[in-house]
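Student: Could we go through this structure together, one question at a time? I would like to see how each answer is reached.

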Amino acid sequence: WYTLRITHADHLPTGSRVLLYCPDAAAPELYDTVSAAVTYRELSATGNTYRADRIRLLALPTAYGEEALEVLRHADTGVGFALARTRQSLSRRLRARLPDQEGAVLAAMCLGDTRYISDETQQLFRRCGLPHILVVSGLHLSVIIGAVYGLARLLRLPRKLTLLLTGGAMLLYSGLVGFSPSVCRAGLMALTLLAGRWLRRPTDGLNSMGLALCLILLSNPYALYDVGLQLSFSAVGGILALTPRLAERTAAPVKRHPWLRPLQAGLCTTLGASLLLSPFLAGYFGELSWISPLANLVAVPLAGVLLILGCVAILCLGCTPLRWCGQGCSLLAGWMARLLQEICRLLGGSGAMLPVPS
């Protein structure tokens, strides 16, 4: 499937967006300008997820095979094209260094390229309640922001320069992986936080999340139908609204045993996100993973380290003097990606999913 912007049509407004079904034999490259004779069809009631991308019609070519499309111009300019090609090149480099599913998992986590993840791997992560690890979202963006901000503070850079570098790195990474609703939500919340630090004003997580949602819906009201947006906002809402209450209820044993604090923080965060996320998962997939809290407690810290190693490997592999560092980081990241898969295979057995009555 390709997203096609119609610029010349008598019966459609300029700028209308339709979803073009393209035979594999005639598949153009990303951002190519193509010409095709098509018939239009209204999206069905189940096509609301397409409307989240402002797509209103389905275009079906009247021909098949290589005659279905004619490429008028190969795209070679534009920031979006450059970022997309960069993402493809970096993904190819990672997968060449780490073949099979290790490279595919790393490319998905670091670059948002999920095309090469097998159905088996996706099923393993889903049974453990960990599909969010394979999709770039707030978790990944927060790790990147935290790493850049921490490095700048370690170098003792001025406060405003630190905030500018952090915001710039966040915007660059968001553009590289694509501005999905979950990435936009995390990015807008992070920008609100950085603006508060810049102005020396306190910020509130729920208010920042509400502002992010309002801006996304003002830009595209149909984004509300996007499943990723619903899952992302429900998980973050649970963390912000419920996690502090869960931590307060479990504070007594932590006071007696301070070594339990990391375990308490992880469990409360996972449970807070799961409580609001579960109704959406049950409604969309008809089943829930009861092992999800334990799996997230084990896998999320590992995924954070894996993400940093993968990003360092990507940066160093493109720099000849640092290629040795990139090779070492990529090998270590591949080992950790395999460990993550083995954890999912261990925890996500056949009994990990509980069916939800319809």
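**Burial, charge and overall form**

Tutor: Let us begin with a residue of this predicted model: Asp113 has a relative accessibility of 6%, and so it counts as buried.

Student: Where along the chain is Asp113 placed, and which residues does it touch, leaving out those up to four places away in sequence?

Tutor: Asp113 sits in the loop between α3 and α4. Contact requires heavy atoms within 4.5 Å. Once residues up to four places away in sequence are set aside, the residues that Asp113 touches are Ser91, Arg95, Ala104, Ala107 and Ala108.

Student: Which side chain meets that of Asp113 in a salt bridge, and is this partner, Arg115, buried or exposed?

Tutor: Side chains of opposite charge can pair when their charged atoms come close. The side chain of Asp113 meets that of Arg115, with 2.9 Å from N to O. Exposed means over 50% relative accessible area, and because Arg115 has 53%, the answer for Arg115 is exposed.

Student: How many salt bridges are there, and how many residues apart are Arg338 and Glu102?

Tutor: The count of salt bridges comes to five. One of them joins the side chains of Arg338 and Glu102, at 2.9 Å from N to O. This pair links distant parts of the chain, since Arg338 belongs to helix α14 (residues 323–347) and Glu102 to helix α3 (residues 100–111), and the separation is 236 residues.

Student: Is Glu102 buried or exposed?

Tutor: The cut-off for buried is under 20% relative accessible area. Glu102 has a relative accessible area of 10%, and therefore it is buried.

Student: Why does the pair of Arg345 and Glu120 tie together parts that are apart in sequence?

Tutor: The side chains of Arg345 and Glu120 meet in a salt bridge, at 3.9 Å from N to O. Because Arg345 lies in helix α14 and Glu120 in helix α4 (residues 119–127), the parts that this pair ties together are apart in sequence by 225 residues.

Student: Where is Thr269, and what separates its C-alpha atom from that of Arg95?

Tutor: Thr269 is found in helix α12 (residues 261–285), and at 32% relative accessibility it counts as partly exposed. Apart from neighbours within four places in sequence, Thr269 is in contact with Ile239 and Thr243. Thr269 and Arg95 are 174 residues apart along the chain, and their C-alpha atoms are separated by 33 Å.

Student: Which radius of gyration does the protein chain have, and what would a compact globule have?

Tutor: The protein chain contains 14 helices and eight strands, and its C-alpha trace spans about 75 × 60 × 45 Å along the principal axes. For 358 residues, a compact globule would have a radius of gyration near 21 Å, which agrees with the value for the protein chain, 22 Å.

Student: How many positive and negative side chains are there, and how far apart do the centres of the two sets lie?

Tutor: The protein chain carries 32 positive and 20 negative side chains, and the distance between the centres of these two sets is 17 Å.

Conventions
Residues numbered from 1 in each chain as written. Predicted model: local features only at pLDDT ≥ 70, side-chain atom pairs only at ≥ 80, totals over all residues. Heavy atoms only, no water. Helix = DSSP H or I, 4+ residues; strand = E, 2+ residues; numbered from the N terminus. Rg over C-alpha atoms; globule rule 2.2 N^0.38 Å. Lys, Arg positive; Asp, Glu negative; His and termini not counted. Charge placed at Lys NZ, Arg CZ, Asp CG, Glu CD. Salt bridge = Lys/Arg side-chain N within 4 Å of Asp/Glu carboxyl O. Buried < 20%, exposed > 50% of the residue type's maximum accessible area, 1.4 Å probe, protein only.
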